[in-house]
Amino acid sequence: SVLFSGVRVHSYCEINEAVLMPDVEVGRGSRLHRVVIDRACVLPEGTEIGFDPAADAARFERTEGGVVLVTREMLKRLATP
């Protein structure tokens, strides 16, 4: 994994094969696998990305190779009902 400057990872997180751009915050207990997180994204506590291909494709952009891209705009869409 590659974590850029200003990244904050809270306790009990698992991060594997990931790229976290500057100023990302990963909430406590989150699990990330094969993801690219855009700059200044804030992932809520308990976020899981990269473990359920169908859920990842529905919420985010997922490549054929299984890498998931997460942007602030995608996270905002999830937060609005």
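**The charged residues around one arginine**

Modeller: E48 is partly exposed, with a relative accessible area of 39%, where buried means under 20% relative accessible area, exposed means over 50%, and partly exposed lies in between (1.4 Å probe, protein chains only). Please keep in mind that this is a predicted model, in which local features need pLDDT of at least 70 and side-chain atom pairs count only at pLDDT 80 or more, while totals for chains, interfaces and linings use all residues. Residues are numbered from 1 along each chain as its sequence is written, and side-chain values use heavy atoms, with hydrogens and water left out.

E48 forms a salt bridge with R31, and the closest N and O atoms of the two are 3.4 Å apart; a salt bridge here is a side-chain nitrogen of Lys or Arg within 4 Å of a carboxyl oxygen of Asp or Glu. This pair links distant parts of the chain, since R31 belongs to strand β6 and E48 to strand β9 (residues 48-49), 17 residues apart. Helices (H or I, at least four residues) and strands (E, at least two) are DSSP runs, numbered from the N terminus.

R31 also meets the side chain of E14 in a salt bridge, at 3.8 Å from N to O. Here too distant parts of the chain are linked, with R31 in strand β6 (residues 31-33) and E14 in strand β3 (residues 14-16), 17 residues apart. R31 is partly exposed at a relative accessible area of 25%, and E14 is likewise partly exposed, at 39%. Taken together, E14, R31 and E48 are linked in a network of salt bridges.

In general, strands of a sheet pair through backbone hydrogen bonds, either parallel or antiparallel.

To set this part in its surroundings, the salt bridges come to three in total. One of them joins D56 to R59, with the closest N and O atoms 3.2 Å apart. Because D56 and R59 are three residues apart in helix α1 (residues 53-59), about one helical turn separates them. D56 counts as buried at 2% relative accessibility, whereas R59, at 27%, counts as partly exposed.

There is also an open sheet of five strands, with the order β1-β4-β7-β11-β10 and mixed pairing. β1 (2-3) and β10 (61-62) stand at its edges with a single partner strand each, so one side of each is left without a neighbour in the sheet. Within this sheet, strand β7 (residues 35-37) and strand β11 (residues 68-70) run parallel and are joined by three bridges, and V35 stands opposite V68 in β11.

Technical notes: Pairing = 2+ DSSP bridges.
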